[in-house]
Every structure is written in C-alpha cells, then in structure tokens.
Amino acid sequence: MTAVRWSTIADGGGLAEVHRASWRYAYAGIIPGLTLERMIARRGPAWWTRMHDRGFHALVLESGGTLAGYATLGRSRAPALPARGEIYELYVRPEYQGCGLGRRLFGAARAQIRRHGLEGLLVWALAENEVACRFYRAMGGAETARAQDRFCGRPLDKIGFGWT
C-alpha cells in the first residue's frame, strides 16, 4: 500500500536515506564526486530535524511502510517567470523508480501547490540529468527557462520546466 502525507520530525532518518540514495543515483558522474558526497553529508537526519523545528515539512511517499520518496514545495524562487508555485525537490529511491510512484508524488505536490492558490508550476532539473528531464517532459512540463549552477567551479546547465 502507498500513501502520500506530510512529513513529521520522526521521518528525519528516512528522509536522509531517500536523499542519499536518490542523489547518488541521479547525480553520479554529473556533480563531481567529492562535492556530491559533501552535499549529501550536509543533509543527514539532523538537517531534516532542523527543517521540522523551523515549521517546514516535506511531502513524503510511503510504500509498504518504507519512505520511498519526498518532495519539497512552495512559492517560486524565480519571480521573473510566470509560475507562482515551485517543486524545489522531488526524489524517489532508485529501487522505487519506474513503477508510477514518482507520478503519484508529483501529482500530490502539484495539488498542494494549487490548494495554496499558487498559479502555475516550476521545476528545475540539471540538463545532464536525463532521467529527471524525461520525467518532467512526460508529466507535461515545457522548457520555460535555462540557467546555470556551479559545482566545484564547473558550470552545469539547468532547465526550468513549467506548467500553467
């Protein structure tokens, strides 16, 4: 059985594990190895506990009692773009990918954006992350923007996918 719900402070370890596994899977060979491992290390259980202590939550996807994925969302961080809502992160453990759980989590996150009265949706993905780009296109996203992030001095292109 699968369920989507808001995270609680007790989910810190599970969120850290989903983050670790999905980031290693998604970004290996894209973000330089040492930089990637440092980024992952900063998001351990204590980071997620602090997030909850500050009053924030993630939308989590449980499957068979296991935390299989999460999404963070809110107001768009790109005021120049028309979308008012943004999914900041959407990650599913590698072993749960390809069976529709990402679609379910995306749909739930998009519904929450709408419930908060935010028109339009924006999601950013690294251009080299072909799996993510293919997923967002399959979900109906259209490329609306391009930008760059730098990792260890290396520029990486990112694509902003938009929904109206």
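## A buried strand residue

A residue counts as buried when its relative accessible area is under 20%. By that cut-off Thr-72, with a relative accessible area of 10%, is buried. The structure discussed here is a predicted model. Thr-72 belongs to strand S3, which covers residues 66-75. Apart from neighbours within four places in sequence, the residues in contact with Thr-72 are Ala-58, Glu-86, Ile-87, Tyr-88 and Glu-89.

## Helices H1 and H2

Helix H1 spans residues 12-27 and helix H2 spans residues 33-41; the two pack at an angle of about 160°, and their axes are 10 Å apart. Angles over 145 degrees count as roughly antiparallel, so H1 is roughly antiparallel to H2. The two helices make a right-handed crossing.

On the H1 side, the contact is made by His-19, Arg-20, Trp-23, Arg-24 and Tyr-27. H2 contributes Leu-36, Glu-37, Met-39 and Ile-40. Sorted by class, the residues of this contact are five nonpolar, one polar and three charged.

## Helices H4 and H5

The axes of H4 and H5 come within 11 Å of each other and cross at roughly 60°. H4 and H5 are therefore oblique to each other. Their crossing is right-handed.

From H4, the residues that make the contact are Gly-102, Arg-103 and Phe-106. From H5, they are Phe-135, Tyr-136 and Ala-138. This contact has four nonpolar residues, one polar and one charged.

## Aromatic pairs around Phe-106

Twelve aromatic pairs are found in a search of the whole structure. One of them is formed by Phe-106 and Phe-135, whose ring centres are 6.2 Å apart and whose planes are at 85°, an edge-to-face arrangement. Phe-106 lies in helix H4 (residues 101-115) and Phe-135 in helix H5 (residues 130-138), so this pair ties together parts that are 29 residues apart in sequence. Phe-106 is buried, at 2% relative accessible area. Phe-135 counts as partly exposed, because its relative accessibility is 21% and the buried class requires a value under 20%.

Phe-106 also pairs with Trp-163. Here the ring centres are 5.1 Å apart and the planes are at 50°, so the pair is tilted. Distant parts of the chain are linked by this pair, with Phe-106 in helix H4 and Trp-163 in strand S7 (residues 154-163), 57 residues apart. Trp-163 is buried, with 7% relative accessible area.

## An aromatic cluster

Which residues form one aromatic cluster? The members are Trp-23, Tyr-27, Trp-47, Trp-48, Tyr-70 and Tyr-91.

## Loop residues

Most residues other than glycine have a negative phi. Cys-152 has a positive phi of about 60°, although it is not a glycine. Cys-152 sits in the loop between strand S6 (142-151) and S7. With a relative accessibility of 64%, Cys-152 counts as exposed, because the exposed class begins over 50%.

His-57 is in the loop between helix H3 (45-53) and strand S2 (59-63). The relative accessible area of His-57 is 40%, so this residue is partly exposed. Residues up to four places away in sequence aside, His-57 touches Trp-6, Ser-7, Met-51 and His-52. His-57 and Arg-114 are 57 residues apart in sequence, and their C-alpha atoms are 17 Å apart in space.

## The loop between H4 and S5

Is Glu-119 buried or exposed? Glu-119 is exposed, with a relative accessible area of 62%. Glu-119 is found in the loop between H4 and strand S5 (121-126). Leaving aside neighbours within four places in sequence, the contacts of Glu-119 are Pro-82, Ala-83, Arg-84 and Gly-85.

Glu-119 and Arg-20 are 99 residues apart in sequence and 31 Å apart in space, C-alpha to C-alpha.

Definitions and conventions: Residues numbered from 1 in each chain as written. Predicted model: local features only at pLDDT ≥ 70, side-chain atom pairs only at ≥ 80, totals over all residues. Heavy atoms only, no water. Axes fitted to C-alpha atoms, helices over the stretch in contact; angles between N-to-C directions. Helix = DSSP H or I, 4+ residues; strand = E, 2+ residues; numbered from the N terminus. Parallel < 35°, antiparallel > 145°, perpendicular 65-115°, else oblique. Left-handed = near helix turned anticlockwise from the far one by under 90°. Contact = heavy atoms within 4.5 Å. Nonpolar A, V, L, I, M, F, W, Y, C, P; charged D, E, K, R; others polar. Phe/Tyr/Trp six-rings, centres within 6.5 Å; stacked < 30°, edge-to-face > 60°. Buried < 20%, exposed > 50% of the residue type's maximum accessible area, 1.4 Å probe, protein only.
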